[in-house]
Amino acid sequence: MRQRSDREKLMVRYLLGEMTDEEQARVEEQFFLDPDYLEELQALEEELVRDYLQGRLSDRERKGIEVVYLDSPHLSKRVEFSISLMSHLSRLRTERREERVSWRQSLLASVRLQRPAVRISLATACIIMFVAAPALLVQTLRLSNSLEQEQSQRAALKQNEQELQRQLDEQRLRADQLREQIDRLERQRGLLEDELVRLKRAQSIIVSLALSKGSVRGAGAPPKLILQPDAKLVRLELGVESKVEYASYAVRLKMVGGDYIRVQISPRTKRATSGKIVILSLPADIFATGDYLLTLVGVSASGVEEDVEDYSFSVEKR
Amino acid sequence: MMSSDNDWLDPDPARAEEKYHELRRALIEYFARRRCRDAEDLADEVFSRVVEQIKKGTRIEKEDPRRFAYGVAKNVYREYVRKDIRGEKILQEISFSSTIPVPNNPDACIKECLESLDPNEREMLERWFLDQDDDQMEKDMGISRNSVRIRIHRIKKRLEACYDNCKRQ
């Protein structure tokens, strides 16, 4: 075993726990202050452990290692790692050697075959192999080229397939979007149909009739108001040609052959192309099937009333 | 340890990180050689105490962070011995997790890490560990025995780091 320098000897003593407290503290202080010293110390430790595992240490050093390293969990881990590493390296080396040996042995064994006929065959095979080698090389190159071509074709096909897949995905996405749009339109149509029903229903609830001067008695068939069972309100639009302004209006309603009903209302008025229109709403239940005569009464600011216009219409209750 | 906690080692974060690892190695060595259990946890305890003292206003001279840490390490060690004698473990007061999971296949990790080495480095390790020809290695490499050892040590350190990492995965 090679002689160690004094510096190494000091480090080995530290590593084997052979120092006094003062000496140990001095080494510790040194490696605390100088990282290179610590690296050197740990590198020497590697060697010491390796030599221990290889059985190259003196008895004193071997015992020192066993006391210090195998007693400390942290330090024993280092030894364990070195053991694992050594055994793995050794296994790798053995495997490598075995591979080499088995290849060589099998070749030699083939050559050492006893039967001459087999030897001749082998020799012939060798000659053929050497002669055929260039042809084989050319063939290999050709195969290699065709393999490359096939690979590039396969890559192109794969790319094509990916593109098709992408298009398919896009179409699926578009179909989903369209389906969503159709659903949305269907929902809107449903809402519109509901609205239509509601409006129709509203129309049957409120029945409108426009009455003008032409609907006065004696001017042909009177306008007809058809009241469905669910009708609640009758909205009458009365065309007024008179230019006289009144503060308010009232109506008198009479069923032909019956009594007058005075209906006190505050009709709205709106301007029309000729004159104005008085709009009034009456409950549907005051009407029965028959002919009606309606008189619009103008009320002045002083409360004086005068008849403005007469309208006739018929009602049919269903 | 956060980089901001390493400012006392060096104002440059990269250098501070490097110095942190160097100092941690020294601390682990110190506690391991003094036969402390959980040397790594004690090393971390030193760092946390140093940072605590700095936060309390203790000033550390630029040249002295390692010396300062050494002083703290001696205190931690003294406490460790006292508590150890009383049958307590200092580390029970500190919530550390020092459990290293047992690898499923340690051999696979060593193999994987060996393969990650440069072939020359692998060959060097093989030769150093299996052959008894240190003198020849020195000659072949044209460097001193100490340099060979240090090279081996550096390779093995990387290998150990790779192995630990592999085991954790």
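Me: Where is A:Thr289 found in this predicted model?

Reply: In this predicted model, A:Thr289 is found in the loop between E7 and strand E8 (290-299) of chain A.

Me: Why does A:Thr289 count as partly exposed?

Reply: The assignment rests on counting neighbours, and partly exposed is the class between exposed, at 12 or fewer C-beta atoms within 10 Å, and buried, at 20 or more. A:Thr289 counts as partly exposed because it has 13 C-beta neighbours inside 10 Å.

Me: Which residues does A:Thr289 touch, leaving aside those up to four places away in sequence?

Reply: A:Thr289 touches A:Val315, A:Glu316 and A:Lys317. The C-alpha atoms of A:Thr289 and A:Glu316 are separated by 4.5 Å, although the two residues are 27 residues apart along the chain.

Me: In what sense, parallel or antiparallel, does E3(A) pair with E1 of chain A, and in what sense with E7?

Reply: Strand E1 (residues 206-211) and E3(A) pair in the parallel sense over 6 bridges. A:Arg235 in E3(A) is the bridge partner of A:Ser208. With strand E7 (residues 276-283) of chain A, E3(A) pairs in the antiparallel sense over 8 bridges, and A:Val234 stands opposite A:Leu282 in E7(A).

Me: Where is confidence lowest and where is it highest in chain A?

Reply: Strand E5 (residues 260-263) of chain A has the lowest confidence, at a mean of 70, and helix H1 (residues 6-15) of chain A the highest, at 93. The mean pLDDT of chain A is 80, and 80% of its residues reach 70 or more.

Me: Turning to chain B, how many helices and strands does it have?

Reply: Chain B has 7 helices and 0 strands, giving the pattern α-α-α-α-α-α-α along the sequence. Of its 169 residues, 24% count as buried. Among its contacts with a separation of 6 or more, 53% join residues 24 or more positions apart.

Me: How does one read a nonpolar core, and which residues have the most contacts inside the largest one?

Reply: In soluble globular proteins, nonpolar side chains tend to be buried together. The largest nonpolar core here has 50 residues, and those with the most contacts inside it are B:Ala26, B:Leu27, B:Phe31, B:Leu42, B:Val46, B:Ala69 and B:Ala73. Not counting residues up to four places away in sequence, B:Val46 touches B:Leu27, B:Ala69, B:Val72, B:Ala73 and B:Val76. A second, separate core of 20 residues includes A:Leu211, A:Leu294, A:Leu296 and A:Val315.

Me: How may the length of helix H1(B) be checked, and what span should its 21 residues have?

Reply: At 1.5 Å a residue, the 21 residues of H1(B) should span 30 Å, and the end C-alpha atoms are 30 Å apart, which agrees. The buried residues of H1(B) are B:Leu23, B:Ala26, B:Leu27, B:Glu29, B:Tyr30, B:Phe31, B:Ala32 and B:Arg33. By contrast, helix H6 (residues 134-141) of chain B has a count of 0 buried residues among its 8.

Me: Is B:Arg35 buried or partly exposed, and which value does its phi take?

Reply: B:Arg35, in the loop between H1 and helix H2 (39-55) of chain B, is partly exposed because 15 other C-beta atoms lie within 10 Å. Its phi is near 60 degrees, a positive value in a residue other than glycine. B:Asp38 is placed in the loop between H1 and H2 of chain B and has a positive phi near 55 degrees. With 20 C-beta neighbours inside 10 Å, B:Asp38 counts as buried. Just after H6(B), B:Gly142 takes a positive phi of about 70 degrees.

Conventions
Residues numbered from 1 in each chain as written. Chains lettered and ligands numbered in written order. Helix = DSSP H or I, 4+ residues; strand = E, 2+ residues; numbered from the N terminus. Contact = placed C-beta atoms within 7 Å. Core = buried A, V, L, I, M, F, W, Y, C linked by C-beta atoms within 7 Å. Pairing = 2+ DSSP bridges. Expected span 1.5 Å × (residues − 1). pLDDT = per-residue confidence, 0-100.
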